[in-house]
Amino acid sequence: MKKVHTNEAPAAIGPYSQGIIVESLFYSSGQIPLTASGEMVNGDVKEQTHQVFRNLQAVLKEAGATLDTVIKTTVFIKSMEDFSSINEVYGEYFSTHKPARSCVEVARLPKDALVEIEVIALVK
């Protein structure tokens with residue numbers, strides 16, 4: 001088991017890792033719309049989702065994976081009213097490669113984020 005850490009994504013805001021590699025699989029922690037310096041992106045749900053994907057790309061790269069090697073995502077959203085907007089941005093990052101996905105509405109996310117996404121990916 002190997003912990004993954006990069007300064008290109010926000011540091012963990014609690015007692016956890018940005019991600020863990022077990023054999024050939026990378027498991028990310030949920031990424032919220034924090035910049036690498038730890039500042040919250042206060043824009044709309046589309047802007048927040050783009051920041052989440054920037055964070056995911058950074059931790060995936062550090063793990064030796066990419067969005068193309070993601071096999072499963074879990075999307076947590078504050079409101080199902082935002083589903084189509086999040087889905088639009090999500091489709092920009094997963095246009096041809098479409099991993100399995102779950103999407104759930106939750107009562108609240110850390111830092112009052114509108115979206116959080118975690119992934120499982122194959123490591124090259």
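Predicted model: local features only at pLDDT ≥ 70, side-chain atom pairs only at ≥ 80, totals over all residues.

Asp 44 caps the N-terminal end of helix α1, with a side-chain oxygen 3.1 Å from the backbone nitrogen of Lys 46. That is a polar contact, defined as a pair of N or O atoms within 3.5 Å; within protein, one must be able to donate a hydrogen and the other to accept it, and residues adjacent in sequence count only if both atoms are side-chain atoms. Helices here are DSSP runs of H or I with at least four residues, and strands are runs of E with at least two, numbered from the N terminus.

Residues are numbered from 1 along each chain as its sequence is written, and side-chain values use heavy atoms, with hydrogens and water left out.

Next, the buried side of the account. Buried means under 20% relative accessible area, exposed means over 50%, and partly exposed lies in between, with a 1.4 Å probe and protein chains only. The buried residues of α1 include Val 45, Phe 53, Leu 56 and Ala 63. The elements that the buried residues pack against include the strands β1 (2–4) and β4 (70–77), and also helix α2 (83–93).

His 50 also belongs to α1. Leaving aside residues up to four places away in sequence, His 50 touches Val 89, Glu 92 and Tyr 93, where contact means heavy atoms within 4.5 Å. His 50 and Glu 92 are 42 residues apart in sequence, yet 9.4 Å apart in space, C-alpha to C-alpha.

Finally, the charged pairs. Side chains of opposite charge can pair when their charged atoms come close. A salt bridge is a side-chain nitrogen of Lys or Arg within 4 Å of a carboxyl oxygen of Asp or Glu, and the whole structure has two. In one, Glu 88 pairs with Lys 46, the closest N and O atoms being 3.0 Å apart. This pair links distant parts of the chain, Glu 88 in α2 and Lys 46 in α1. Glu 88 counts as partly exposed, at 45% relative accessibility. Asp 112 pairs with Arg 108, the closest N and O atoms being 2.6 Å apart.
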